[in-house]
Amino acid sequence: MSLRTEIQSLYAHLQRLREALVSLRVTIEEDRPEGSSVMLLDAFGDATEDALGWLEEALQSIEPAAVLKGDKAFDANRARQALVFCQEQFNRINYRFSFDLVAYERIAELMRLGQERRGEWRGWTTSVRQSLEGCQQQLYDTSHALFRCWQEIAERVGMTSVSVQSTNIGQQVTVPTSQEPTLEGIP
């Protein structure tokens with residue numbers, strides 16, 4: 001495939017990740033049981049909002065390379081620069097998601113909340129967990145799309161690089177066995 005095709009695929013994956021994160025945000029903030037104010041929910045909401053903000057920045061950076069308008073030509077160098085920024089934002093999202101949303105302790109707290117409060121809380125915590133799993137799958141898919149973009153860039157570099165190797169013919173350095181270096185004082 002071409003770099004442009006891979007960037008278009010990445011853009012589509014980033015949009016699906018956005019949809020999954022928006023769904024998670026709706027579940028956390030709008031679908032939660034009435035009259036509830038729990039620090040855990042605020043932490044989940046904050047982490048989701050941060051991830052969405054970074055994702056919007058990533059989408060804005062990669063969009064010009066993914067969606068060419070008019071008769072604009074594909075600019076591989078600008079695409080590479082956008083990809084670097086996109087990768088940085090994706091790393092931030094992935095880190096925040098892994099440590100603030102789906103870490104074992106966070107999921108255990110979430111499930112405990114549902115068990116303690118019962119009723120609609122149980123259903124809500126199950127919905128949050130399912131939304132988190134959906135986001136996890138989208139993060140995984142997006143990670144692979146990013147990898148394919150970098151792979152295309154690496155192949156482009158490999159096709160245009162020149163390798164120069166110099167050798168000295170006729171010289172050979174050998175160390176006699178009786179003069180091999182030793183490490184004195186080391187057992």
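Visitor: Where does D31 lie?

Guide: The model shown is predicted. In it, D31 is found in the loop between α1 and α2.

Visitor: Is D31 buried or exposed, or does it fall in between?

Guide: The relative accessibility of D31 is 46%, so this residue counts as partly exposed; that class lies between the cut-offs of 20% and 50%.

Visitor: Which residues form the negative surface patch?

Guide: The patch consists of E29, E30, D31, D42 and D46. At least two of its residues come from α1 (3-30), and at least two from α2 (39-66).

Visitor: How is a pair of aromatic rings described?

Guide: Two quantities are used, namely the distance of the centres and the angle of the planes. In this model, a search of the whole structure gives two aromatic pairs. For Y95 and F99, the ring centres are 4.5 Å apart and the planes stand at 40 degrees, so this pair is tilted.

Visitor: Which helix holds Y95 and F99?

Guide: Both belong to α3 (residues 76-100), where they are four residues apart, about one turn of the helix. Y95 counts as exposed, because its relative accessibility is 54%.

Visitor: What geometry do W121 and W124 show?

Guide: W121 and W124 form an edge-to-face pair, with 5.6 Å from centre to centre and 80 degrees between the planes. These two residues are separated by about one helical turn, because they are three residues apart in helix α5 (residues 120-160).

Visitor: Are W121 and W124 buried or exposed?

Guide: Both W121 and W124 are buried.

Definitions and conventions:
Residues numbered from 1 in each chain as written. Predicted model: local features only at pLDDT ≥ 70, side-chain atom pairs only at ≥ 80, totals over all residues. Heavy atoms only, no water. Patch = residues over 30% accessible without salt bridge, like charges linked within 9 Å, V, L, I, M, F, W, Y side chains within 5 Å. Areas by Shrake-Rupley, 256 points an atom, 1.4 Å probe, with all protein chains shown as cover. Salt bridge = Lys/Arg side-chain N within 4 Å of Asp/Glu carboxyl O. Lys, Arg positive; Asp, Glu negative; His and termini not counted. Charge placed at Lys NZ, Arg CZ, Asp CG, Glu CD. Buried < 20%, exposed > 50% of the residue type's maximum accessible area, 1.4 Å probe, protein only. Phe/Tyr/Trp six-rings, centres within 6.5 Å; stacked < 30°, edge-to-face > 60°.
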